[in-house]
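Hello,

Here is the structure I promised to pass on.

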Amino acid sequence: QVQLVESGGGLVQAGGSLRLSCAASGRTVSHSNMGWSRQAPGKEREFVAGIDWLGLRTYVADSVKGRFTISRDNPKNTVYLQMNDLNTEDTAVYFCNAGGPTIMRPGTSWGQGTQVTVSS
C-alpha cells in the first residue's frame, strides 16, 4: 500500500505560481505512472497531468497546457506539479495519484489533496 501526501498548496494571486509536491511512502512508486488531478467545488474531478515512471513522457490537459509542468524525482519518491500563470479557474483541491494504466489516466492510489486558491 502506498501513501501519498501532497503539499505546496495555498493562496496566490492571479498570474502567480505554485509548486505542488507529492511524497510517496509505504512502497516505492519509481516504477509507477504518476499524476495530478483537481476538483473544484461543484465540479467533477479533472485529471490534469501525468508522467511515466522514467519521467520521459508527460501529459497535460488542454486546460493547463503551457502553464503546468509535471516532473518527478524517483530517488526522493516525489512528484511535482509546477503551476504558472494561475487564474481563478485553477482554484481547486489538487490530488496526487499513483499507478495509472497510462499517463493520461489516474491511478487507484490517492492522496488527501492540497487546496489551491487563486484570487483575482
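Below is what turned up, beginning with the core and moving on to one strand and its partners.

A word on the source: this is a predicted model, where local features need pLDDT of at least 70, side-chain atom pairs count only at pLDDT 80 or more, and totals for chains, interfaces and linings use all residues. Residues are numbered from 1 along each chain as its sequence is written, and side-chain values use heavy atoms, with hydrogens and water left out.

The largest nonpolar core has 29 residues; such a core is a set of buried Ala, Val, Leu, Ile, Met, Phe, Trp, Tyr and Cys residues joined through side-chain atoms within 4.5 Å. Buried means under 20% relative accessible area (1.4 Å probe, protein chains only). Leu81 and Trp36 are among the members that touch the most others. Strand 4 (34–39), strand 5 (46–51) and strand 8 (78–83) are among the elements giving it two or more residues; strands are DSSP runs of E, at least two residues, numbered from the N terminus.

Beyond its neighbours within four places in sequence, Leu81 has contacts (heavy atoms within 4.5 Å) that include Trp36, Val48, Ala49 and Tyr94.

Now to strand 5, where five of six residues are buried. Strands count as paired if DSSP finds at least two bridges between them. Strand 5 runs antiparallel to strand 4, with five bridges, and Trp36 sits opposite Ala49. Six residues separate these two strands in a hairpin, and Gly42 in the turn has a positive phi of about 75 degrees. Strand 5 is also antiparallel to strand 6 (residues 58–60), through three bridges, with Ile51 partnered by Thr58. In that hairpin, Gly55 takes a positive phi near 80 degrees.

Best wishes

Terms used. Buried < 20%, exposed > 50% of the residue type's maximum accessible area, 1.4 Å probe, protein only. Helix = DSSP H or I, 4+ residues; strand = E, 2+ residues; numbered from the N terminus.
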